[in-house]
Amino acid sequence: MHIYSLAPGKDHINQAIRDGLGLDDTHTQGHWVIAAADENRAVGLLRERGFTDITEHDIIPDRSVKDLRSAALLDRETVLVQRLHRRDGDAVATVFLDGTPHRLGWMRLGRFVPDTDG
């Protein structure tokens, strides 16, 4: 899998994403992480999630997510979102096709810690 992010200015988050990440209204951008076979598929994954105006010029290679890759979150096609300026304790969420987020866990000391549901 190749890993991409949305370019600055295209990385907006909506209220549902803010709620899923536990962010307030001052956060208008997020760090989007897209795992896909190639740029075209990354664009397709984003368009499926409501980013209808995204082109291959709006995504950039992302090498800053070794922590998520080592947690096996990027081994298959996925779209993840985090706080734009990531820090310890921040949530990580996957974004479903309908655009709704689902929190997967959070970052602790540079490592992903999954949420437990029971």
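Is Glu77 buried, exposed or partly exposed, and what is its relative accessibility? Glu77 counts as partly exposed, at 36% relative accessibility (buried means under 20% relative accessible area, exposed over 50%, partly exposed in between, with a 1.4 Å probe and protein chains only).

The structure is a predicted model, in which local features need pLDDT of at least 70 and side-chain atom pairs count only at pLDDT 80 or more, while totals for chains, interfaces and linings use all residues. Residues are numbered from 1 along each chain as its sequence is written, and side-chain values use heavy atoms, with hydrogens and water left out.

**The sheet**

Select the strands. They form an open sheet of seven, with antiparallel pairing, in the order S3-S1-S2-S4-S5-S6-S7. Helices (H or I, at least four residues) and strands (E, at least two) are DSSP runs, numbered from the N terminus; two strands pair if DSSP finds at least two bridges between them. At the edges are strand S3 (59–61) and strand S7 (111–114), each of which pairs on one side only. From one strand to the next, the twist averages 35° (axes are lines fitted to C-alpha atoms, for helices over the stretch in contact, and angles run from 0 to 180 degrees between N-to-C directions).

Next, select residues 101–108, which are strand S6; S6 and S7 pair in the antiparallel sense over four bridges. Display Trp106 there: its bridge partner in S7 is Val113.

**The helix on the sheet**

Select residues 39–48, helix H2, which packs on the sheet and touches strand S1 (2–6), strand S2 (30–36), S3 and strand S4 (78–83). Contact means heavy atoms within 4.5 Å. The direction of H2 makes about 125° with that of S2.

**The salt bridges**

The structure holds eight salt bridges, each defined as a side-chain nitrogen of Lys or Arg within 4 Å of a carboxyl oxygen of Asp or Glu. Select Arg41 and Glu77, whose side chains meet in one of them at 2.8 Å, N to O. Arg41 lies in helix H2 and Glu77 in the loop between helix H3 (66–70) and S4, so the pair ties together parts that are 36 residues apart in sequence. Arg41 counts as partly exposed, at 27% relative accessibility.

Finally, select Asp90, which is buried, with a relative accessible area of 8%. The side chains of Asp90 and Arg83 meet in a salt bridge (4.0 Å, N to O), and Arg83 counts as buried at 16% relative accessibility. Arg87 also forms a salt bridge with Asp90, the closest N and O atoms being 4.0 Å apart.
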